[in-house]
Amino acid sequence: MTKSVSESALNAVDVRHFYYFSVVAEENSLRRAAERLFMAQPPLSRQIKQLEERLGVTLFVRHSKGLTLTDEGAKVLAIIQPLLRMKEATYKRLQEEIQPSVQIARIGFTTAFEQGIFTDLEKRLTDVFSGRIHIQRESSTRLARDTRRGKLDAAFVALPLDAPGLLVQELPYAEPMLAALPAIWQMAKGSAAETPSLKNFNGRALFWFRREANPAFFDYAKNRFAQAGFTPCFLEEPAEHDVLLARIAAGEGMGLLPASFAAIRRDGVVFTPLKENEEFHLRLGLVALPGKSPLVQTLGTMAPPIWT
């Protein structure tokens, strides 16, 4: 390398920086690497920039078709590969040899659905595993990430979802998307017999998420919006559903939520079915590493009943 690296700069480098760099080098694309790592592209770009600054080298040449390793980047990759292999071997040995005497099933539940749909399932799982179960509630993308890393045995997720490297099983459960409207909007006060279409809300403010949060569902919804002729004014969606409903109740905008959320009674919010219900819905699925297929089959038989 052309520049010497100070000890303080090296001490500031985390193994995580090297791992992120190796994934970007394999993909030759920040976008594909970010999807593989289940993270947004901007923070990944910042991690690579920090590594370049601390090492005092340019790791990639950026061009219209993606990224290419520089000579110095190739040298860094060759140097860190033994460290990354040692890290994986260490984690594997710890998992194999330093285990609790009683195995605990680690299952994820997506927060994309209202959690009441999982109540009976959670009770049955507790019985099946004799109480030795850990439940993790997160977004579907985070559950897929933790399952891929071996932190979860399996996870119930919302589909569609990008889940590279995982076994994905669609379950016979789906919920139509409802419009969550401020009660003060005139169309929220209409006749119950009147079922609006998405295009009836053209120009209205819609709380919606960024594509990097869930690319597969974002693209699915985008296609449904286009088919319905729906062109809202997008507002960034709060991460917490209670905050989202509070802002809808305040009249700031509308939301689109799976039908199970209608069970939540919130003053100032009206849940309204849509004409697009048959085409626009959220499906339930299971994800696990390929070696966990027997567990997936067992869990699949215990999934919630078909939505009616």
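Leaving aside neighbours within four places in sequence, which residues is Ser-22 in contact with? I found Leu-77 and Leu-84, taking contact as heavy atoms within 4.5 Å.

Some ground rules before I go on. This is a predicted model, so I note that local features need pLDDT of at least 70 and side-chain atom pairs count only at pLDDT 80 or more, while totals for chains, interfaces and linings use all residues. Residues are numbered from 1 along each chain as its sequence is written, and side-chain values use heavy atoms, with hydrogens and water left out.

**Entry: Ser-22**
I placed Ser-22 in helix α2, residues 15-27 (helices are DSSP runs of H or I, at least four residues; strands are runs of E, at least two; both are numbered from the N terminus). Its relative accessible area is 6%, so I list Ser-22 as buried (buried is under 20%, exposed over 50%, partly exposed in between, with a 1.4 Å probe and protein chains only). I also saw the side chain of Ser-22 reach the backbone oxygen of Tyr-19 at 2.7 Å.

**Entry: strand β5**
Next I looked at β5, residues 154-159, where six of six residues are buried. Ala-154, Phe-156 and Ala-158 point one way, and Ala-155, Val-157 and Leu-159 the other. I then checked its partners (two strands pair if DSSP finds at least two bridges between them). Strand β3, residues 105-110, pairs with β5 in the parallel sense over three bridges, and Ile-107 has Ala-154 as its bridge partner.

**Entry: cores**
I looked up the nonpolar cores (sets of buried Ala, Val, Leu, Ile, Met, Phe, Trp, Tyr and Cys residues joined through side-chain atoms within 4.5 Å). The largest has 42 residues, and Ile-107, Phe-156 and Trp-208 are among those with the most contacts inside it. Beyond four places in sequence, Trp-208 is in contact with residues including Phe-217, Phe-225, Leu-256 and Phe-280. A second, separate core of 24 residues includes Phe-18, Val-23, Ala-25 and Ala-34.

**Entry: helix α9**
Last, I listed the buried residues of α9, residues 241-249: Leu-244, Leu-245 and Ile-248. Seen down the axis, they fall within an arc of 95°, so they line one face of the helix (the arc is that of the directions from the helix axis to the C-beta atoms). Their cover includes β6, β7, β9 and β10. Just after α9, I noted a positive phi of about 85° at Gly-251.

How values were computed: Polar contact = N/O pair within 3.5 Å; in protein donor to acceptor, adjacent residues only side chain to side chain.
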